[in-house]
Amino acid sequence: MQDFKVAIANCLKEKIEDLTVDEILGLIEVPPNKEMGDYAFPCFKLAKVFRKAPNMIAEDLSSTIEASGVISKVMPLGGYVNFFVNKSQLAETVIKEVLTQKEKYGHSDLGQEKSVVIDFSSPNIAKPFHIGHIRTTVIGNSLYKIYDSQGYDVVRVNHLGDYGTQFGKLIVAFKLWGDKKTVEANPIPELLKLYVQFHDEAESKPEMEDEARAWFTKLENDDEEAKELWKWFRDESLKEFARVYDLLDIQFDSYAGESFYSDKMDDVIKLINEKGLLQESQGTNVVDLEEFNMPPALITKTDGSTLYMTRDLAAALYRKNNYDFEKCIYVVGSQQSLHFQQLFKVLELVGFEWAKDLVHVPFGMVALEEGTMSTRKGRVVFLEDVLKQAIEKTKETMLAKNPEAKNVDEIAKQVGVGAVVFQELSNSRIKDYTFSWERTLSFEGETGPYVQYTHARCCAVLRKAEQEVTADVNYELLSNGDSAEVLKVIGSFNKSILSSLRRNEPHIVTRFVLDLAQAFNKFYHDNPILVDDVELRNARLALVEATRQSLENGLSLLGMQAPERM
Ligand SMILES: NC(=[NH2+])NCCC[C@H](N)C(=O)O
């Protein structure tokens, strides 16, 4: 409770000219036991200046400092001035704020009139949407909610991998071995099969690679047949992605993927060229970055075809021109760190002052227990399967506990999906981790279901109370240890959101909801709420409602639901 200490130091400063507020702050101590107050100021160092004995100084100071505001009592004690802080005032400030601001509690208008672009999820068309994509998807969505809560105008971009030579390969394979009906019945796995078959065959028939390149060039040149096939692959893949986004309740403002920039790359290439940055090297045009200890950035091949980098250059420029962002965030795995360093450097060299506002938010890899994932070898865990199994398993657990439980499907979805989301957001994002079914679906310990359950517990108490909850209560009754702990956490909500925003680390908000759930459960365990004493009951119910609201708001920032019953 740093603020209390500052308030006390300011009070003392009015009476002691010879010390600065910081010096006073440095002297303030916490007394060894509660009866002696919350803070104590030693007067020994002042004896010389005041030409008085320390206990006399303490008595003089105590008699002139008024107990008001956050200070509830001032008392001299053997050379110290002892202070008691007003916990009921803390309770009143926090609860009134939560109960009036409701779902806006914790929010601010810090980012008003500023825009932020978040590029996240961005899977590749015709490839599995697998467990490796969960991190970017869930972290990106939570960052969106966090920035949005602080008043930023956020543009959520799904930079789909829907362009490039692999589509030439897919067209060749489809024309050779594909069948429309089979693909439609099971799009991504079937397209993947074709892609894998292409690679197997091309090993002995390298001319297939040329053919694929030719088809991609046709696509870049707007050939009807190529475009039609490509569009169909894209539409079918998007249908599959949409199912996952629905389960996660995630939306995007733009699906401008790589193909969107197919006619927008010339401008940026021209700018690079005008700056004299473009060099020819082994069949490609590159920007040399040796000076910055990076390999050259590949801009185009000599046949004119473009690359992932080219499309990212065009995308950055497009976003700056259209959204005038204060920050453009790329939530992409740390394997692509070099790509982003190169991208940002090239834009800086072209002379874009805003290159410094591009931020790569990396995260570690997801490995499988049976080894690394390999799309070609079929070692993939589909994201949709993970979410569905999480829901199924939650449903079983719920029905085992209460066979008559109502609304099971809806709640199992909120809790099952929430469990997966929460686990993704509970560690610092940069750590690699091994995906394990067991851990993801375990509802023990510091998990999403635990927090959601605490929220549902608050709801149950409020339901049972059958009365209106107001902030017009006797706050003296909320000044004991357990309630003060809960209130201290609730009061720190905005600080947690801001620090997760500054570091682009949603796990700080995850920590907040866990701390609050733990503090509340301790309070709940030791303090009966629905007591006969009306005053006490009203005060405790206000605390329950403030907790419930804060948990709901915190979960929402993580992209999770807060069911009322579990
Ligand atoms: N602007 C970007 N490069 N965003 C990230 C794209 C991620 C890419 N499609 C992949 O799956 O690896």
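Colleague: Which residue stands opposite Ile 329 in S9?

Modeller: Ile 118 does. This is a predicted model, where local features need pLDDT of at least 70, side-chain atom pairs count only at pLDDT 80 or more, and totals for chains, interfaces and linings use all residues. Residues are numbered from 1 along each chain as its sequence is written. Strands (E, at least two residues) and helices (H or I, at least four) are DSSP runs, numbered from the N terminus.

Colleague: How many bridges join S4 to S9?

Modeller: 4, and the two strands run parallel. Strands pair if DSSP finds at least two bridges between them.

Colleague: And what order do the strands of the sheet come in?

Modeller: S5-S4-S9-S10, an open sheet of 4 strands with parallel pairing. S5 (153-157) and S10 (358-361) are the edge strands, each pairing on one side only.

Colleague: Which strands does H6 lie across?

Modeller: S4, S5 and S9, and H6 runs at about 155° to S9. Angles run from 0 to 180 degrees between N-to-C directions, with axes fitted to C-alpha atoms, for helices over the stretch in contact. Contact means C-beta atoms, placed from the backbone, within 7 Å.

Colleague: Switching to the loop between S4 and H6, what is phi of Ser 121?

Modeller: Near 70°, a positive value in a non-glycine residue. Most residues other than glycine have a negative phi. Ser 122, in that loop too, has a positive phi of about 40°.

Colleague: Is Ser 121 buried or exposed?

Modeller: Buried, because 28 other C-beta atoms lie within 10 Å. The cut-offs are 20 or more for buried, 12 or fewer for exposed, and partly exposed in between, with C-beta atoms placed from the backbone.

Methods: Contact = placed C-beta atoms within 7 Å.
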